[in-house]
Each structure stands twice: as C-alpha cells, then as structure tokens.
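Please read these notes with the sequence and the model open side by side.

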Amino acid sequence: MKMPRFAEIEEYRDGDIIVRDGDEERHMYVIQHGKVAVTKDVGGREVTLAILERGAFFGEMALLESLPRTATVRALGYAKLLVIRPGSLLMRIRRDPTLALEMLQQMSRRIRAIDDRLVALLSNVGVPEQQAHEVKLFTTHTEYGGPRSADESAAAGAQQDGAAPNRAAAAPGKVPPPRAASDGAGVPG
Amino acid sequence: MNTDVREERLIITSDIHMGNRLFPPNRSFGELARLALRNGYSLCINGDGVDVIQMSFSLLTRQLGDAATIFKKFPHAGLKIYYTVGNHDLIFEHFLQDWGGVVVVPFINVESGERRIRVEHGHMYDDNFLSYPRVYTAIMVLGRWAISIHPRVYEGLEGANAAVVSFGHFLKRVKGVPVEPELPDGIPGEHPTFRLAAEEISVRGFDAVVFGHTHRPGKVRLQSGGMYYNTGAWMMKPYCVAIDEGRIWFGPVEELLSTPLHALPWTRVAADAPAPAPAAEEAVEAGGAEVAAGALAAGSTLRFRGVG
C-alpha cells in the first residue's frame, strides 16, 4: 500500500541560505536533520544570533504575522528541513497537536530569554531596577506576544497590504540568545 | 512543563492499568522497576499506568502502594520517573509538572546520544476518542460497571461490540463504501491512523516514536527511516522499549528481565536512514483472544463508528 505524501522536505548543503532577511515568504521550517545558523546584519557586521538544532522551528513569526523575515538563516553542514506553509499549518496541527504545544513552548522560552536579556541590558546601562522591571512588563504586553489593541491589529494589517514595513517597530529588542541543546532560542522569523 | 529531556538510559512501558481487575499487574512490573533502578535507567510509564476510569479502589491501593515503594528510590539514585498521561488517567493532566521524583507530562522528546525519540501515549490520534469523547468515556464507564459485576459480563460487551463493528463493515460493503480508508499498514490489528501519526511526528526530526494505547505491541519502519514502536499492554505479554545512549531495544519485558543488558540486540535507528522499499514491518502476535479482550477494556480500538 502506497504511503500518501504528507511532508514537504527541503535539503540544503553547508552554507546554503534558507531564508534571507527581508524576504516576503511566509512558510516556516522545522529542522529534521542538521543545524542552521541565524544571523543578522548589524551595522555592516554579520552577527550570529542563534544556532538551531534538530527539532527547532524557525520562520514561524513570518507565517503567523505575515511580516517579512527579520534575519537570515543558513545551513551549517547538510540540513534537512520540514516546510510548513501557511495553508497547511492548521491541518498539520490537527493531525499532530503536539506541534502547536511545542511551538508555544519554544516561543515562551524565547520571550523569557529576551526579557531577561533586556532587563540585564538596562541594568548594565544604569537604569534603576524598578524602571527596568516596568520596561519588562511593558514589552511583555505589546510586541512580545501579549494581546493587541484593535489599533495595533489595524496597523499590522496595513503593513500586510503593502505599506512599508516599520522594521524598527517590528523588531525592537529581538536579539535572542543562542539556543542551548535543550532550550529554545529567540529567533526572528 | 518541560517536555524536552535528555536521558541516556530510559525504559519505557505503557498500559499497566493499575487498579483495573482485568489488568492485574504481575510481579514483573515491580521487577522491571527494580531492574531500571539497579542499572541506572530512568523509567517512563507511557500512559494508562493507573486506570482511573475502570479501577477498583482496593486493588489500586495495593498495587499503587507497591509501586510507590520502589518509585521513591529513583530520585535518590538521580533517576526520574516520567509519567505521560493517557486516556484512562486523563485526570492527571491537572498535574502536569515536575513533582520531584515523578514528572507528569503530556509527552516527552527524549534526547539520548545523537537520537531524538518521541514518547507519547497515543490516545490523541485515536479518532474515536477525539470525535466522540463523551460516548468514548461513557463506554469506558460502562465497562467499569461490567467488570465490577463480573468479567464475563465485560466479555459479553466486547462480543457485542465486535458484532456491531462487523455489522457496520457489512453495511459499508453492501453500500460499496470502503471499509477502511486507504492508509498505510501499521502494526497488525492496529488502526492505521497511529502509524500515520507516527509518520507526522517523525518528520519533525525524531528517529523513533513510541506509543501505547492500542494494546497492540509491535514495531514498524517509517517512511522517514525512523521507527515506530508500540509497547502494547500488561494484561497480555508486556513489552517495553529500552534506550541506552541512542541505542534502542524493543521486546518482551520478560526477555529484558532474563537477559543481561549488554547481551541484548541493541539497534541504532536513524530517521535519515533511507527507508527500504517496500517498508518492512514487524509485528508481534500477542494472541488474538487476548488482544480482543484488551481492546475494549481500554476503549482504544472501539469501532462503533463502523455502524452505518
């Protein structure tokens, strides 16, 4: 009996670019085999934001928010990736509900890591602890996954319709730590 | 709840159904736990370890008390007991966290050596459980009352269920409707949706997927190149999966207890290995009557959807 085709797999060689900063593609990837490096051009210098390993996701923010990619991802060695397109995400979650839970877990870890780094950064520049804490509360309730107001949703919709994306507003502070072997990384989508 | 764990040594079994009169755990469960403890293996009870729905309180108290005596030694030895929630102990979803020695989780992604293995009970891929949860639960509760009256009453219900399913298949054939969807073969006697679910999971970077729930022990090579194992149920011949630094062994518990660990035929499964064509399938014959007797008790293969 023939197996139905249900998985779109892409293979990459060492150094191949998988997604590029600014691309308009909307699909996400799950690393089936190998590793990838997430990099960002910071002031003309390429900075490695995270190394992702097997089982990790990337690109989900572009899929979920329909916004351009905010980092470049390239293969480290041979890499095999599962591609999940926007139209198939819900069906895949229905067939594999733990996918949704794992996405939430990874994103929760990334938010926590970003918050901790933000507070540490603010503390290092001499911002009082209370103000740093207030900034953390603010960020967890706006850009970092909290509920949006109707105005914020409308603004995001205007961006999707072709208005110039406000990169500064879309990606403040999204500098994730490298991923440990058992930790999710904050990865710009 | 942390579902990503690194365990170089782990023993996995499922469907012990402590407390259920139809599933009296024999001595070997305690022996299995002691073997794990002696050899430095953590233990995973992959669902339906305790049968909350069809249990006898007095039996559960005895069996759980015996198990707890062994379990409390695990954290002292630096080992863990993972308890993945099943459909007969679904209430434990209210306790999803690390309780010190026992970690209650919906599933675990085990990293061992260079391998990733998903361990999950499997009830979330049971169409009957998902589509008709109330009917499913009602039937399990009905089964509990039948068991409490007499096991023969329960067996009578099983026979009635089998007759309903057969009649449903007959009606479908008369109408020209395919009895089963065209799905790939899995473990014989097991609905193909479980193998499909294993395929879906394995493509996300897992070398092996371990389920319970169906009470059909066996193993199947997946299209991704990885393996799907099912550890069956303890009312029949109990099976388990042992993991040691990325190597996997699957077989009867009594074989694990009677064979030195270093002498077991360990295998290294890898999802990036090319799958043979056609896919090789190995399944274990657990005995048709025993399998049938176990199926409805867990409600895992209830076929009432076959009607009409």
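1. A residue is called buried under 20% relative accessible area, exposed over 50%, and partly exposed in between (1.4 Å probe, protein chains only). B:Tyr228 has a relative accessible area of 0%, so B:Tyr228 is buried. B:Phe211, also at 0%, is buried.

2. Some conventions come next. This is a predicted model, in which local features need pLDDT of at least 70 and side-chain atom pairs count only at pLDDT 80 or more, while totals for chains, interfaces and linings use all residues. Residues are numbered from 1 along each chain as its sequence is written, chains are lettered from A and ligands numbered from 1 in the order in which they are written, and side-chain values use heavy atoms, with hydrogens and water left out.

3. Rings of Phe, Tyr and Trp (its six-membered ring) pair if their centres lie within 6.5 Å; planes under 30 degrees apart are stacked, over 60 edge-to-face, and the rest tilted. The count over all chains is 11 aromatic pairs. One of them joins B:Phe29 and B:Trp234: the centres are 5.3 Å apart and the planes at 85°, so this pair is edge-to-face. B:Phe29 lies in helix α1 (residues 27-39) of chain B and B:Trp234 in the loop between β10 (227-230) and β11 (239-244), 205 residues apart. Here helices (H or I, at least four residues) and strands (E, at least two) are DSSP runs, numbered from the N terminus. Both B:Phe29 and B:Trp234 are buried.

4. The rings of B:Phe211 and B:Tyr228 are also edge-to-face, because their planes are at 70°, with centres 5.4 Å apart. B:Phe211 belongs to strand β8 (residues 208-211) and B:Tyr228 to strand β10, both of chain B, and 17 residues separate them.

5. Ring pairs also make a cluster of B:Phe29, B:Phe71, B:Phe74 and B:Trp234.

6. Which residue's ring lies under the charged end of B:Arg116? That ring belongs to B:Phe206, with the charged end 4.2 Å from its centre. The charged end of B:Arg118 sits over the ring of B:Phe107, 4.2 Å from its centre. The rule asks for NZ of Lys or CZ of Arg within 6 Å of the ring centre and within 35 degrees of the ring normal.

7. How many disulfides (cysteine sulfur pairs within 2.5 Å) are there over all chains? The search finds zero. For B:Cys44, the nearest cysteine sulfur is that of B:Cys240, 12 Å away. B:Cys44 is buried, at 0% relative accessible area.

8. B:Phe167, in helix α5 (residues 151-175) of chain B, is partly exposed, because its relative accessibility is 48%.

Methods. Disulfide = S-S within 2.5 Å.
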